[in-house]
Amino acid sequence: MFKGEKICLTAMKEEDLPIYRIWNSEMGFGRNYNSSPIREVSEKQAEQWFRQDSERDFRFSIRPVKLDTFLGVCAIEDIQWTHRVGWISIALATDYQGKGYGTEAMQILLNYAWNELNLHRIQLTVFEYNKPAIAMYEKLGFQKEGVYREFLQRDGRRFDMYLYGLLTSESSDF
């Protein structure tokens with residue numbers, strides 16, 4: 001269920017945390033993944049994030065099929081079980097972007113959302129300047145449903161944040 005042609009999704013490992021901490025302080029990762037100011041995540045913060053255990057959150061590491069290399073993280077979080085709705089997210093290290101890993105990870109995660117978690121709707125937000133992510137989401141069938149106008153400020157400019165959604169019925173490939 002968690003294996004594709006190029007990548008597989010695995011449980012997070014404690015040894016991933018130092019790498020994850022470094023990525024969060026890199027502009028190419030942090031600015032696409034988070035609206036908070038870029039900063040190094042402390043060991044304690046990373047540890048708390050790693051140790052969170054909730055029936056509403058499912059987090060995975062992204063790895064190549066035959067290697068143990070940590071490529072990124074993806075998750076279905078904040079699931080509202082009553083309504084069968086969850087938030088999906090993905091973040092790949094800068095060196096691994098643009099190689100198809102993200103698309104395959106999202107396909108695997110959507111398959112999990114529909115067929116194992118029995119969700120009806122998956123949603124996400126993305127910043128307007130993250131054009132590669134927007135193209136991937138639209139390729140996967142996500143539809144732009146809303147705009148949070150001038151949501152964040154970076155480098156003296158205001159940027160919108162988009163809301164995208166995908167329903168089970170719109171996702172026939174998974």
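This is a predicted model: local features need pLDDT of at least 70, side-chain atom pairs count only at pLDDT 80 or more; totals for chains, interfaces and linings use all residues.
**Exercise 1. Determine which residue forms a salt bridge with aspartate 16, and where the two partners lie.**

Solution. Residues are numbered from 1 along each chain as its sequence is written, and side-chain values use heavy atoms, with hydrogens and water left out.

Helices (H or I, at least four residues) and strands (E, at least two) are DSSP runs, numbered from the N terminus.

Then consider accessibility, where buried means under 20% relative accessible area, exposed over 50%, and partly exposed in between (1.4 Å probe, protein chains only). Aspartate 16 is buried, at 3%, and arginine 63 also counts as buried, at 1%.

**Exercise 2. Follow the salt bridges beyond this pair, and state which residues join into one network.**

Solution. Arginine 63 also forms a salt bridge with aspartate 68, with the closest N and O atoms 3.7 Å apart; aspartate 68 counts as partly exposed, because its relative accessibility is 48%. A further salt bridge brings together the side chains of glutamate 145 and arginine 121, at 2.5 Å from N to O. Glutamate 145 lies in strand 6 (residues 143-154) and arginine 121 in strand 5, so this pair ties together parts that are 24 residues apart in sequence. Of these two, glutamate 145 is partly exposed, with a relative accessible area of 42%, while arginine 121 counts as buried at 16%. Through shared partners, salt bridges join Lys13, Asp16, Arg63 and Asp68 into one network. A search of the whole structure finds six salt bridges.

**Exercise 3. Decide which residues of helix 5 are buried and what they pack against.**

Solution. In helix 5 (residues 131-139), the buried residues are Ala133, Ile134, Met136 and Tyr137. They lie on the same side of helix 5, because they cover an arc of only 160 degrees around the axis, the arc being that of the directions from the helix axis to the C-beta atoms. On the other side, Lys131, Pro132 and Lys139 are exposed. The buried residues pack against strand 4, helix 4 (101-115), strand 5 (121-127) and strand 7 (157-167). After helix 5 comes glycine 141, whose phi is positive, near 105 degrees.

**Exercise 4. Describe the largest nonpolar core and name the residues with the most contacts inside it.**

Solution. A nonpolar core is a set of buried Ala, Val, Leu, Ile, Met, Phe, Trp, Tyr and Cys residues joined through side-chain atoms within 4.5 Å. The largest has 35 residues, and Ile76 and Phe142 have the most contacts inside it. Among the elements that give two or more residues to this core are strand 1 (7-10), strand 2 (58-64), strand 3 (72-80) and helix 5, and helix 4 gives the most, with nine residues. A second, separate core of eight residues includes Trp23, Phe29, Phe70 and Val73.

Terms used: Contact means heavy atoms within 4.5 Å. A salt bridge is a side-chain nitrogen of Lys or Arg within 4 Å of a carboxyl oxygen of Asp or Glu.
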